[in-house]
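Work through the exercises below with the sequence and the structure open beside you. Try each task before reading its solution.

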Amino acid sequence: MTSFLYLFIISSSCYVFGIDIGTEYIKIAVTDPEKGIRAALNQQSKRLTPSYFAIWDFYNPTQKIPAVLDRNLFENYQWEFFEPAKSHFYRYPSHVVKGISPLIDRSHGLLRREILALQLREIITTIEEGKFKPSETALVFTVEPTLSRQERVALAETCKLANITLFAIIESPAAAARTYAMEKRSFFQFGQKIVMFIDIGATHSWAAVFRFEPNGQRPIVNELSVSYNSTLGGNSIDEKFVLFLEEKFKEVNKINEETEPEFDGFSEKAKMTFLREAIRAKEILSLNDIVNIKIEDVFKNYEMNINITRSEFESLLGFFTESLQEIYNEAVSKANLYQNKIDSLELLGGCSRIPLIQETLKKAANMVKLNRTMNSDEALAIGAGYFGAAMKDNFEIKPVKISSHLQIQILLKHSKGTHLIFNETNKNTDKVRKIFNATTCDRNYTILADGIPMLDFQIHLPEANLTLNDKLIITFAFNRFNAPFIYNISLSSGISVKTTFMKPYWMMTNEQMRDSQLVIEAMEDIVKKRQKVHKISSEYERFILTMKNRVNHDELFQKVTPPSLQNEILSVFNEHEKWLDSMKDKQINLNELADRFMILRRLTRDAEIRAELFIKRGPEFARLKRLLDQVFHDLTVSWPIKKPYLPVSKIESVWKVYNETKIWYHENIGYIETGEDSYELKVLPHHIDKKITELENWYNLTRKFKPIVKPRWLKKDKPTKPKDLPSPDPNRATKDETKEGLFKTDSNSEVKSKSVGNAKSEENNDVEFYEPDEDEDDDDSDDDDEDEEQKYQEPEIIYDQKIELTPEFLRKHKDITSERELKHAIEEEKKNKEL
């Protein structure tokens, strides 16, 4: 019997994300069955996304946001995610929420669970060029060991609000160990290895010791110890550095009570300037020995331009190195190891790149060299990705068995006392059974994690059927979210037990869940609407600038636009430009913006169309001119020589269309050359195209014309098979029949070449003209080559041939031996067809 803590059902999905949300950055790993596990890129093509969310009053940014925002008034507020929110942080730090904790609280008028849900939906829909959808993805979170069980359950609620499947929640040390086990297996394939991982984050640091054993294809990874400090991190270094720079600024400019009696500390905005410069200098000093720092506009007209050396910076870190060494020693001590038993020390986190921190750890571990074999920024997210991939049926991955310590006490409380269920040394895979006397035990229980209620449940026992020997057996375990839950409740006699579960006070009720979902939907709808406004506004502004430039500098646009219309365009566009400038700091109504944009479009539409058509018709007229020259050349030079067989009627048709097109060309060429119709075009591109199409059709129809010819007989007894005769089938004449007794030709007969005119006047009944398809080859040179290869003379043209020389016709008239008999047979066939 499972508790409600496990109601977040795990479903299959195409993509699983491993996600590490730190105080400063979000890192995501995508598990793709085709491309493997990789770090995802955000909209800026970066692997690190600032975990910032900013919200403020749009009309009054300095006004404090109420404790609870009315979703009907969201239009009055502006919010940003990630990089824009981080930029806003340096101007208005009070508007910004960073990181994941505390997830139970309310901040900036919203629940922190609502803010995180918005961030998750935003980052999933924007990474990897926006190809993912929240409803089609699943997450594996990696969290710090210090994150409470309360917040882990709240994280599951957050995923439900975001309509995202939550696969599991694992701790950061286990994620780092999984990445090491998957990617560095060669390091421990010949024997066990003890590895310590140290992660220095923005607000906390931890050290964890793991033992890696090969065990064939399924390595075993055991967590030996974890030590952490929830206040030691990169932010503490930044705060110390900021104080140092502030004192330097006052020292350089000699600011004190005597010189500046009104000075009462730096403003919040000035402190953000110092913070930004401190972070930049810290990163540079990790690589260089000196950095230049320039600060101005923080107090009156004072400024500072100095150089800071690495030794000066490291002199500020004494407190940090001492605390870090304590974490290291505590982790070694908890693991019951000597310092020389640590085989490797892997560094994680951005601050681990600081040289002094590396030297401190070398000295503590008595090592010559520290290791950084994994990506210090992405290793945790990648490890969470490997965990999610191992849970997927469609993803093949080598199994790794990892167990971790709980680092927490879990208690069972009832009216008669409190029982310890799990302690810090228990593993998250352990199951614990508690046995009570069924007749005397309490019926109401509460599970506590570090004193916070995690689950209330009531047991309903069949009192009438109980005996003194009946025992109530409750089995406790941890679910995939690392939260305690009831694994099973039963009686020793086998009688079923009914249990009622109640949510603790800090969990969201169903009504609260629905309200939060409505808040998220309302905010996303407003974002979509604002994106449309921003897009139209950008196009609107760009259109104003473009059209003003065309009116002032584009000669073509000036040519097709009357001066009065040019003046009107400039006047109207200037008014719209002023209106747009006045709305920079105001909410713009989408419908009003679209209407104003449409007014400008209508005003310039005709002129834009004229300019487009004006520039197109010149090339079209040039194309018409080339076609006229080509047709004239073929009519007067090429066809009389190469195609003397063309019918006069077709030639006359081409001449007629050519002359009509030529006249139209000369009538309208003046508009093209002078542009006298620029304000109202008389000749449009489609008019020219129509003339070109008409002439091309007649020209191509005549150019592709070919006659049907009759065969010439080479020998009386052995006639040749017609060249284009189809292959015979069983119902037609056999091969031998087509070779003998068919048409035969007198070898001495002569063929007279006739011109088109002569052909029409002589024996019009001897030739049939046909018009081939457009796809048929019409290359005259190929025809000439074929004529030269033939062994017989140029065939005589046969006009008006209506009978096809099929194999049936050949079998029927196989005794024909002369041309006259052939003509007679054809005439008979024609008469039969007519009858």
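**Exercise 1.** State how many helices and strands the protein chain has, and what share of its residues is buried.

*Solution.* The protein chain has 21 helices and 28 strands; helices (H or I, at least four residues) and strands (E, at least two) are DSSP runs, numbered from the N terminus. Of its 835 residues, 47% count as buried, where buried means under 20% relative accessible area, exposed over 50% and partly exposed in between (1.4 Å probe, protein chains only). The model is predicted: local features need pLDDT of at least 70, side-chain atom pairs count only at pLDDT 80 or more, and totals for chains, interfaces and linings use all residues. Residues are numbered from 1 along each chain as its sequence is written, and side-chain values use heavy atoms, with hydrogens and water left out.

**Exercise 2.** Find which residues touch the most other members of the largest nonpolar core.

*Solution.* A nonpolar core is a set of buried Ala, Val, Leu, Ile, Met, Phe, Trp, Tyr and Cys residues joined through side-chain atoms within 4.5 Å. The largest one has 60 residues, and Met196, Ile198, Phe241, Ile293, Tyr328 and Leu345 touch the most other members. Helix α6 (residues 268-285) gives the largest share of this core, seven residues. Another core, of 50 residues, lies apart from it and includes Leu111 and Ile164. Next, take Ile198: leaving aside neighbours within four places in sequence, its contacts (heavy atoms within 4.5 Å) include Trp206, Leu324, Tyr328 and Leu361.

**Exercise 3.** Describe how helices α8 and α9 cross, and which kinds of residues meet there.

*Solution.* The axes of α8 (residues 318-334) and α9 (residues 355-365) come within 10 Å and cross at roughly 40°. Axes are lines fitted to C-alpha atoms, for helices over the stretch in contact, and angles run from 0 to 180 degrees between N-to-C directions. The angle therefore makes α8 oblique to α9; under 35 degrees counts as roughly parallel, over 145 as roughly antiparallel, 65 to 115 as roughly perpendicular and the rest as oblique. From α8, the residues in the contact include Phe320, Leu324 and Tyr328, and from α9 they include Ile357 and Leu361. The contact divides into eight nonpolar, three polar and no charged residues (Ala, Val, Leu, Ile, Met, Phe, Trp, Tyr, Cys and Pro count as nonpolar, Asp, Glu, Lys and Arg as charged, and the others, Gly among them, as polar).

**Exercise 4.** Is Lys300 buried or partly exposed?

*Solution.* Lys300 lies in the loop between β15 (290-296) and β16 (303-309). Its relative accessible area is 48%, so Lys300 is partly exposed.
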